[in-house]
Every structure is written in structure tokens, then in C-alpha cells.
Amino acid sequence: MPVSLTNSKLIYETLKECDIRLVSALPETWLVHLIHLTDEDPEMTLVRLAKEEEAVGISAGAHFAGVKSAMLMQNHGFLASINGIVSFAHLYKIPLLMLISYRGTFGERDPWQTQGGNVTEPLLRALSIPYSFLDQVETVKKRIRQAQTLAESSLQPVAVLLTRDLMWEE
Amino acid sequence: MLRLDCLRSVYSELESCLVVTIMGAVAAELHSLGHRANFFYLQHAMGLASSTGLGLALCLPEQTVIVFDGDGSLLMNLGTLSTMARYRPRNLVHVVFDNESLLSVGGFPTATSTGTDLEGIARAAGIPHALTVRSVENFRTAVCDAVHGIELTTIVAKVEATGPSGYITDLSLLENRFQFRRHIQSLRKA
């Protein structure tokens with residue numbers, strides 16, 4: 001599978017360095033290695049979801065408990081989470097670190113992903129969710145750390161978009 | 001059976017638990033019995049009270065977590081039953097007040113009024129212990145058993161579709177949220 005194991009490991013190592021101890025996820029192709037790494041790590045709690053919006057509640061519970069968490073989802077999962085983001089995370093000032101695989105952009109071969117690609121950034125902006133990109137190996141660690149720092153200081157959802165350039169090897 | 005009577009019957013049990021409620025009548029009625037720092041009222045985000053309880057229960061295995069859910073909220077997020085069942089934290093108690101109605105928004109009937117069986121769905125989703133209660137006495141027994149028990153329990157409490165005249169309390173949402181988190185942090189330090 002041409003999903004980058006090396007770069008998935010780099011992302012995972014950073015999550016560990018950021019003291020993330022709970023990750024909620026719904027499988028998607030680009031996230032397979034990240035989910036396996038989480039599942040195999042006895043220090044990490046992996047919560048496999050039925051739908052991504054659940055992760056907003058789970059991360060809120062973790063935050064109340066003093067545990068740092070992250071959400072792994074495809075951009076369509078982000079679309080499916082929006083009510084939870086607005087009516088829980090925004091309303092109650094809950095920090096969320098959202099790692100979103102950015103499907104449906106340049107290079108996308110799956111026709112079914114393409115609409116989601118078009119609307120992801122406009123929706124993030126409409127929701128005033130700060131976001132940045134994981135697109136280069138050199139900046140992965142810094143970007144994730146910065147996203148977590150901002151989420152914790154501002155008590156709001158922050159997104160990093162996992163791009164094809166980083167996640168896919170072909 | 002009145003929801004308020006059910007809540008009153010277990011109010012003393014709640015002192016040692018972390019409590020998460022849904023919005024509307026459930027939040028207003030629990031608040032009316034006397035707010036405590038260990039109560040969090042999720043005043044929107046229908047469906048996510050149980051997910052919040054799951055996050056709490058997984059992160060704080062030594063604490064008992066009680067979620068007061070409702071039929072309308074649970075029907076919006078039935079997947080939560082399969083996720084809770086997957087991890088089945090033994091310290092989580094999931095109470096569903098089923099009044100067969102979306103009471104807060106005009107009393108329109110939910111699907112439980114036409115035969116949808118939440119206990120059956122919970123059991124089929126894999127919740128280890130699921131039961132339905134129709135009297136305050138049975139409610140109290142079921143909640144106490146679940147609090148002191150050793151398996152994830154969903155209790156469906158059939159209640160009348162009546163509630164308070166208003167739902168807004170004098171507790172601001174953010175005050176509640178920060179107080180709740182601070183309370184939990186104080187437990188962790190103790």
C-alpha cells in the first residue's frame with residue numbers, strides 16, 4: 001500500500017511527544033498506519049468510532065479528565081462532525097486536535113472524494129477553525145505541536161490537514 | 001413515572017459519581033434538585049452526552065460515570081451504543097429517560113412511541129446489561145445496582161412526557177464546564 005509508513009510514524013511519534021494518550025478514529029486509507037500504530041501501543045487508548053461526531057464528545061470527556069487526545073478522521077468525517085464541533089466544542093470551549101486526511105484535492109483519483117475536497121477549507125474558514133497543513137517532512141513535528149498548543153491555549157478546535165504529498169508514496 | 005421522581009430517588013447516589021446530562025428537561029430537573037460541581041449539563045450537541053461519558057469513563061477508570069440520556073438524543077446517535085459496547089467500561093452507567101417524545105421542542109413523538117425498543121437496540125449492540133424500568137423503585141434499584149456493579153449498563157426508564165415550564169437555569173454553560181473540569185482535577189490530586 002503506498003500510504004507512507006515513514007511519515008505516519010513521524011506523525012505518531014509527534015502525537016506521543018505531545019502527551020496524547022487517547023486517539024479516536026474511523027478508518028480511512030491514508031490513516032491505516034496511524035491507526036495500527038495507535039492500536040499496538042499499550043500507552044495509548046484507541047477508540048474506534050461508528051461516526052466521527054462521537055469523537056467530539058469523547059475528546060471533551062478526555063479533556064475534562066485531564067487527558068490529552070487527538071481525533072483522526074477523513075475530511076468527510078469532519079463534515080459529519082460539524083454539529084458537535086459547533087454545539088459542543090465551540091459552545092463549551094473544548095480544545096480539539098483534529099488530524100484530517102485531506103482527500104479530494106490535486107492528484108485525487110477517486111471520484112467520490114472530490115466534492116469533500118472542494119469544501120473542506122471553505123468550511124474550516126466558515127467555522128473559524130484555525131488550520132494548517134502537514135505537507136513536508138521537515139515541518140510535521142512543529143505543525144502538530146503548534147496546533148496542540150493553540151488548541152489548548154485558545155480552548156477551541158484546531159485542524160491539521162494531512163496532505164497527499166506527505167501521506168502517499170507513488 | 002415522573003423523571004423528576006426518578007432523579008430525586010438517586011440524587012444521594014450521585015454525590016460520588018461524575019454526572020453528564022442531556023439538554024432540556026433532564027438538565028433543568030437535575031439542576032432544580034440542587035446543582036453540584038460533579039454535574040455537567042450538555043445543553044446542546046444532542047447525542048453526545050453518552051460519548052462524553054464514554055471519554056470520561058475510559059480516562060478515569062476509578063470514577064463512576066453516570067449519563068442521563070433521552071430517547072430523542074440517543075436516537076440521533078445510535079452508533080454510540082456500539083462504541084460503548086465495544087469498550088464496555090465497567091464504571092459507566094447509561095440511563096435513558098424515554099418519554100417517547102421530543103418534549104423540549106413541542107412534544108412531537110419519537111420512534112419509541114411507535115415501537116422502537118431502546119433496550120433491545122442496546123442489547124443487540126452488545127451492551128452487557130440492558131433493562132427497562134417503569135417504577136421509581138425499580139429505577140432506583142437498577143441505578144444503584146449499576147453504580148455498584150461491574151458491567152456497563154443501559155437502563156431505559158419509561159417516563160411521562162412532562163417537564164418543567166422552562167429550561168434555562170442560572171448556571172452559565174461555561175461556568176458549569178470549568179467548574180466540572182476543576183472538580184475532576186481536584187479528585188485526581190486527592
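This is a predicted model: local features need pLDDT of at least 70, side-chain atom pairs count only at pLDDT 80 or more; totals for chains, interfaces and linings use all residues.
I started with the β-α-β unit: β5(A), helix α7 (residues 140-154) of chain A and β6(A) make one, and it is right-handed (strands pointing away from the viewer, the path from the first strand over the helix to the second runs clockwise). Helices (H or I, at least four residues) and strands (E, at least two) are DSSP runs, numbered from the N terminus.

Residues are numbered from 1 along each chain as its sequence is written, with chains lettered from A and ligands numbered from 1 in the order written.

Next I looked up the pairing (DSSP must find at least two bridges between two strands). Four bridges join β5(A) to β6(A), running parallel, and A:F133 stands opposite A:L161.

Then the whole sheet: it is open, parallel and ordered β2-β1-β3-β4-β6-β5 in chain A. β2 (45-48) and β5 (131-134) are at the edges with a single partner strand each, so one side of each lacks a neighbour in the sheet.

How much of β6(A) is buried? I get six of six residues, so the strand is largely enclosed by the rest of the structure (buried: 20 or more other C-beta atoms within 10 Å of its own, C-beta atoms placed from the backbone). A:P157, A:A159 and A:L161 cover one face, A:V158, A:V160 and A:L162 the other.

Last, A:M98: its contacts (C-beta atoms, placed from the backbone, within 7 Å) include A:P157, A:V158 and A:A159, not counting residues up to four places away in sequence.

Definitions and conventions
Two residues are in contact if their C-beta atoms, placed from the backbone, lie within 7 Å. A residue is buried if 20 or more other C-beta atoms lie within 10 Å of its own, exposed if 12 or fewer, and partly exposed in between; C-beta atoms are placed from the backbone.
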